[in-house]
Amino acid sequence: SQYNNIFICGGTGLFGRNIAKLLSEIYIKEDILVKPTIYISTRRNAEENERMIKDLVKEYLDKRKDKERYDKVDINRVLDKYKVVKIADVPTKERKEEEIWRFMEDLVERNVKVLINSVGPYTSDYTLAMNCVKNKINYIDLADDRDHINNFKKTLDAVAKENNVFAISGCSTTPGVTNAILDSLVNQSYIVIDKERQLELPIAENRENGSDQNIYFKNHKMTDVDNIEWKLSPGNKIPKNTGNSTIDSVLSYVGKPIFRDNETKKEILKYGWDNLELFKFRWIDRKRLLSNVDVPDIDIFPEKYNNNNDKKISMNLKA
């Protein structure tokens with residue numbers, strides 16, 4: 001298609017390849033009349049990586065053939081929509097202006113309307129994002145760096161609105177998934193009341209009233225939050241060929257102070273990767289090691305959920 005094409009920077013890396021795989025859902029939905037081409041950038045062998053991506057997508061769709069709406073999918077036509085292109089590097093402030101211009105010209109010629117940046121680590125370099133929105137290309141990244149996300153809106157918001165496109169940062173496990181989960185608990189939770197034992201417990205939305213006459217459900221919205229504690233364990237089966245950018249991001253704050261306010265550097269909460277804890281998740285057989293993480297949620301949670309400006313929310317965030 002010549003319209004609404006998608007470009008994934010770092011699409012052959014750990015996160016990028018999964019995004020590429022899940023985007024195959026676009027071709028299953030009948031209401032999307034114009035199917036985009038998905039371009040994937042790599043610094044390595046383009047032909048080899050294109051085979052890898054197509055094998056991944058084919059395996060993903062093959063597993064869904066038994067489900068309705070997948071059984072009539074022409075997988076070969078889907079695979080034809082995936083194109084891997086070789087580029088030297090994505091634009092950064094260290095790149096020459098001519099190189100940045102050439103990269104953006106290539107995106108425009110390919111009719112790219114959405115760029116997904118999965119190339120980290122993200123360190124408040126908005127060169128790619130700014131050039132995208134100025135060229136009317138919607139921009140998404142997977143950043144989890146506090147400074148990058150804190151300054152993203154003030155840097156990109158006005159320019160993106162002027163060009164009628166969106167610019168979104170933080171579409172990663174944190175703060176993307178963690179905030180979505182907390183929002184659902186705070187704004188759309190239920191309380192289950194056990195009258196006999198006098199218990200209250202928040203549970204998932206859309207549950208019907210239980211048959212036990214001692215139990216009933218009451219709609220509930222939290223008006224204030226005093227303490228937030230989350231523990232995150234992404235998994236121990238990370239591929240051996242995980243890129244340096246992922247490792248660099250995770251290890252960037254080992255032993256460094258984690259501040260409540262990252263701008264003023266006041267009030268040290270904890271230290272990165274300190275306070276090691278062996279924790280048992282309910283649905284995982286073995287215990288997992290967790291430690292302190294320096295994540296954007298430390299800035300986002302108090303701003304979203306603190307209705308009393310004089311009070312500080314207690315946070316214990318580990319992964």
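The largest nonpolar core holds 27 residues, and those touching the most other members are Ile6, Ile8, Leu23, Ile38, Ile40, Tyr82 and Ile116; a nonpolar core here is a set of buried Ala, Val, Leu, Ile, Met, Phe, Trp, Tyr and Cys residues joined through side-chain atoms within 4.5 Å. The model is predicted, so that local features need pLDDT of at least 70 and side-chain atom pairs count only at pLDDT 80 or more, while totals for chains, interfaces and linings use all residues. Residues are numbered from 1 along each chain as its sequence is written, and side-chain values use heavy atoms, with hydrogens and water left out.

- A second, separate core comprises 25 residues, among them Phe7, Cys9, Val90 and Tyr139.
- Apart from its neighbours within four places in sequence, Ile40 is in contact (heavy atoms within 4.5 Å) with Ile8, Gly11, Thr12, Ala20, Ile53, Tyr82, Lys83, Val84 and Val85.

**Parallel sheet**

- An open sheet of 6 strands has the order E3-E2-E1-E4-E5-E6 with parallel pairing, two strands being paired if DSSP finds at least two bridges between them.
- E3 and strand E6 (167-168) stand at the edges with a single partner strand each, so one side of each has no neighbour in the sheet.
- E1 and E4 run parallel and are joined by 5 bridges, and Phe7 has Leu115 in E4 as its bridge partner.
- H1 lies across E1, E2, E3 and E4 and runs at about 160° to E1; axes are lines fitted to C-alpha atoms, for helices over the stretch in contact, and angles run from 0 to 180 degrees between N-to-C directions.

- Asp141, in strand E5 (residues 138-141), counts as buried at 0% relative accessibility, where buried means under 20% relative accessible area, exposed over 50%, and partly exposed in between (1.4 Å probe, protein chains only).
- The side chains of Asp141 and Tyr139 are joined by a polar contact of 3.1 Å, a polar contact being a pair of N or O atoms within 3.5 Å; within protein, one must be able to donate a hydrogen and the other to accept it, and residues adjacent in sequence count only if both atoms are side-chain atoms.
- A polar atom of the Asp141 side chain also lies 3.2 Å from the backbone nitrogen of Gly170.
- Asn262, in the loop between strand E11 (257-261) and strand E12 (266-271), is buried with a relative accessible area of 8%, and its side chain makes a polar contact of 3.1 Å with the side chain of Asp147.

**Salt bridges**

- The count comes to 11 salt bridges, each defined as a side-chain nitrogen of Lys or Arg within 4 Å of a carboxyl oxygen of Asp or Glu.
- Asp299 and Arg146 form a salt bridge whose closest N and O atoms are 2.7 Å apart; this pair links distant parts of the chain, with Asp299 in helix H9 (residues 297-305) and Arg146 in helix H6 (residues 146-162), 153 residues apart.
- Asp299 is buried at 17% relative accessible area, as is Arg146 at 2%, and salt bridges that share partners join Arg146, Asp294 and Asp299 into one network.

Conventions
Helix = DSSP H or I, 4+ residues; strand = E, 2+ residues; numbered from the N terminus.
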